[in-house]
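I set down what I looked up, entry by entry.

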Amino acid sequence: MTVKHRTGIDQQDEYDVFREFARIQIEAGVDALIVHARNAWLQGLSPKQNRDVPPLRYQWVYRLKQDFPDTEIIINGGIKDLDAAHQHLELVDGVMLGREPYQNPYLLHQVDAQIFGATNQRFISRFEVLQSYYPYIEAQLENGQPLTRMVRHIIGLFHGEPNSKQWRRFISENACKKPAGMDVLYQAEQFLN
Ligand SMILES: Cc1cc2nc3c(=O)[nH]c(=O)nc-3n(C[C@H](O)[C@H](O)[C@H](O)COP(=O)(O)O)c2cc1C
């Protein structure tokens, strides 16, 4: 069993309160703690704002690991690339990325090599990733699922690449038009050539 939690609520500012919360989970036998390293402000912020506005407190998570060295501690919040993940891994056991791989899913293709030391990894281009997803999209379309439901997960695949905005815009504008099918993706590919 794992528990995902924050460093505290509202203006709570004492490390010891956070530590005590963690200690209770650990004594209850939790397998790992995943800490989103900022407080949740229960008054005045939307859930979305609560993911950005309260300041990050990575130091508290590092300190928690020092206080509970035998517990798996995973850090989360505002981590945007694998270099940053590497730095956190010097001080905690794991890193959780939330929004960044959603906005830029190709980030994940380097994880095995950069984080887990895989040496036999074949380079897989963004285009290959896209193509390998097509059979799944086709199967789901046949099941009656709308195209938007599948493409939302790859809309950031070409993030930072030439013409990615046109590719993304074409899909966003056309995937919701009924009956949108594979043609939308085939046409969008033209922006990538
Ligand atoms: C759309 C969305 C939905 C989320 N839903 C949950 C959830 O159900 N449970 C949860 O623990 N965290 C949820 N989160 C928070 C993320 O797991 C993560 O803690 C947060 O985004 C901070 O990490 P990040 O800066 O890497 O995105 C959600 C985040 C987003 C953007």
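Which residue of strand 4 does Ile 75 stand opposite? I looked this up and found Val 95 in that position. I note at the outset that the model is a predicted one.

**Entry: the sheet**

I next followed the two strands concerned. Strand 3 covers residues 72-76, and its pairing with strand 4 is parallel, over 3 bridges. I then looked up the sheet as a whole and found 4 strands in the order 1-2-3-4. The sheet is open, and its pairing is parallel. Strand 1 (2-6) and strand 4 (94-96) are the edge strands, each with a pairing on one side only.

**Entry: the domains**

I looked up how the protein is divided. The domain assignment gives two ranges, 2-103 for domain 1 and 126-192 for domain 2. Between the C-alpha centres of domain 1 and domain 2 I noted a distance of 34 Å.

**Entry: the ligand**

Which residues are around the ligand? I listed Lys 4, His 36, Arg 51, Asn 76, Gly 77, Gly 78, Leu 97, Gly 98 and Arg 99. Sorted by class, this shell comprises 1 nonpolar, 5 polar and 3 charged residues.

I then looked up individual atom pairs. His 36 places a polar side-chain atom 3.4 Å from a ligand oxygen atom. With Gly 78, a polar backbone atom is 2.7 Å from an oxygen atom of the ligand. For Gly 98 I also recorded 2.7 Å, again between a polar backbone atom and an oxygen atom of the ligand. How much of the ligand does the protein bury? The ligand taken alone exposes 610 Å², and the protein buries 55% of that area.

**Entry: two loop residues**

Asp 10 is located in the loop between strand 1 and helix 1 (15-27). Its phi is near 50°, a positive value in a residue other than glycine.

Where is Pro 179 found? I located Pro 179 in the loop that lies between helix 8 (164-174) and helix 9 (182-189). Is the peptide bond from Lys 178 to Pro 179 cis or trans? I recorded this bond as cis, with omega near -5°.

Note on methods: Residues are numbered from 1 along each chain as its sequence is written. This is a predicted model: local features need pLDDT of at least 70, side-chain atom pairs count only at pLDDT 80 or more; totals for chains, interfaces and linings use all residues. Side-chain values use heavy atoms; hydrogens and water are left out. A residue is near a molecule or strand if one of its heavy atoms lies within 4 Å of it. A polar contact is a pair of N or O atoms within 3.5 Å; within protein, one must be able to donate a hydrogen and the other to accept it, and residues adjacent in sequence count only if both atoms are side-chain atoms. Accessible areas come from the Shrake-Rupley method with a 1.4 Å probe; for residues, only the protein chains shown count as cover. Ala, Val, Leu, Ile, Met, Phe, Trp, Tyr, Cys and Pro count as nonpolar, Asp, Glu, Lys and Arg as charged, and the others, Gly among them, as polar. Domain bounds come from an automatic or database domain assignment. Two strands pair if DSSP finds at least two bridges between them.
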